[in-house]
Amino acid sequence: MKSIIVNKTSVDLVEQDRATFQRFAEMSFSQCLNLIKIPRERRYISMLPASYVLRRREEGDAWDEPMMQVALWNLHDLGVEEMSISMGSSDGGGESEPQIRFDRAEATDMALGRESAINFSTVRSGRGLIAALNNVIHRTFHLNGVEFEVGIQDREQVEKYAKMAHEIRQPQEGLLFAIARVFASMLKQGLTAEDVEVRAGMELLTNLGCTAISVPTDEDRVVFNGFSVMAGLSSGLLQGLEWEQLKEIRKNVQLMIDQIEARAETPVVQGMSNPVAKRRRRK
């Protein structure tokens, strides 16, 4: 049986159902918004399960409570082997805050953001969800060679963008290409990465595994420059897809990567003359 050491005592890790891992991931996703505000060099997904453990122990939850177990599994899968928890004290002339410290840890594929972290076993169990969240908080997108953090955009704006792409999607056209055409059209109209519409487009493209494109100002096309299997798998897993569906995503994204590596860049004919968005700056 797997275990994790807390305050020098071994705590057993008991298998939980996927639904409980999904519930924990859904709860954690909203907290990623605050985590993304932390500078990248100090941004760790382990902060989320660690803070949950600390908070629930303050409330007196037992180690075998299902959501507590999921949080401990997350920490274990991110490489935490031993940790210490101090519940704080008012002794000595002042109150000290509850704290949690990792005493022994070694980064795993999940902590390092490697695509191997999402596989048949971790998808079936739900344990891969923490790796997917880790991908979300570290995503970047390159537009015309400039790097931007993707972040988590306003859901209403993302849904509006997706609807727009579906409406202009041509027969037999992949959704990726329709989204890219809308994206290019917005840039041609003068919108920039500071506009919420463009940021929503970056998130949607990244959800499909695309992490870099160029939109030449004097040409009517988009050039795909980079893809990430992990980004595609992470988005699919967070949407509840099963392993067979995720394997198809892996295959499609890898195909695009192979084409780029073979220098067979994939252009998308722009072909959108009508305005698709009004200029509105990011709040």
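**Entry 1: the cavity**

I looked up the largest cavity and found that about 40 Å³ of space lies in it. I noted the terms: on a 1 Å grid over the protein atoms alone, a cavity is a set of points where a 1.4 Å probe fits but cannot get out, and lining residues have an atom within 4 Å of a point. Grid points are joined across faces, edges and corners, and a volume is the space filled by probe spheres set on the points. The structure holds one cavity of 30 Å³ or more. I listed the lining of the largest cavity as Phe-21, Phe-24, Ala-25, Val-70, Asn-74, Gly-126, Leu-129, Ile-130 and Leu-133. Helix H1 (18–35), helix H3 (66–77) and helix H6 (129–138) each give two or more residues to this lining. Helices (H or I, at least four residues) and strands (E, at least two) are DSSP runs, numbered from the N terminus. By type, the lining of the largest cavity holds seven nonpolar, two polar and no charged residues. Here Ala, Val, Leu, Ile, Met, Phe, Trp, Tyr, Cys and Pro count as nonpolar, Asp, Glu, Lys and Arg as charged, and the others, Gly among them, as polar.

**Entry 2: the source**

I recorded that this is a predicted model, in which local features need pLDDT of at least 70 and side-chain atom pairs count only at pLDDT 80 or more, while totals for chains, interfaces and linings use all residues. Residues are numbered from 1 along each chain as its sequence is written, and side-chain values use heavy atoms, with hydrogens and water left out.

I turned to the largest pocket, whose volume is about 560 Å³. A pocket is an open set of points with protein on both sides within 12 Å along at least five of seven lines. Its lining has 23 residues, of which Leu-175, Leu-176, Asn-207, Leu-208 and Ile-249 are the closest to the centre. H11 gives the most to the lining of this pocket, with six residues. I counted twelve nonpolar, ten polar and one charged residue in the lining of the largest pocket.

**Entry 3: aromatic pairs**

I found four aromatic pairs in the structure. Rings of Phe, Tyr and Trp (its six-membered ring) pair if their centres lie within 6.5 Å; planes under 30 degrees apart count as stacked, over 60 as edge-to-face and the rest as tilted. Phe-24 and Tyr-52 are both buried; buried means under 20% relative accessible area, exposed over 50%, partly exposed in between (1.4 Å probe, protein chains only).

The rings of Phe-177 and Phe-224 are also edge-to-face, because their planes are at 85 degrees, with centres 5.7 Å apart. Phe-177 is in helix H8 and Phe-224 in strand S8 (residues 221–227), 47 residues apart. Phe-177 is partly exposed at 25% relative accessibility, whereas Phe-224 is buried at 1%. Ring pairs link Phe-177, Phe-224 and Phe-227 into a cluster.

**Entry 4: Thr-211**

I located Thr-211 in strand S7 (residues 210–214). Thr-211 is buried, with a relative accessible area of 16%. Beyond its neighbours within four places in sequence, its contacts (heavy atoms within 4.5 Å) include Phe-141, His-142 and Phe-227.
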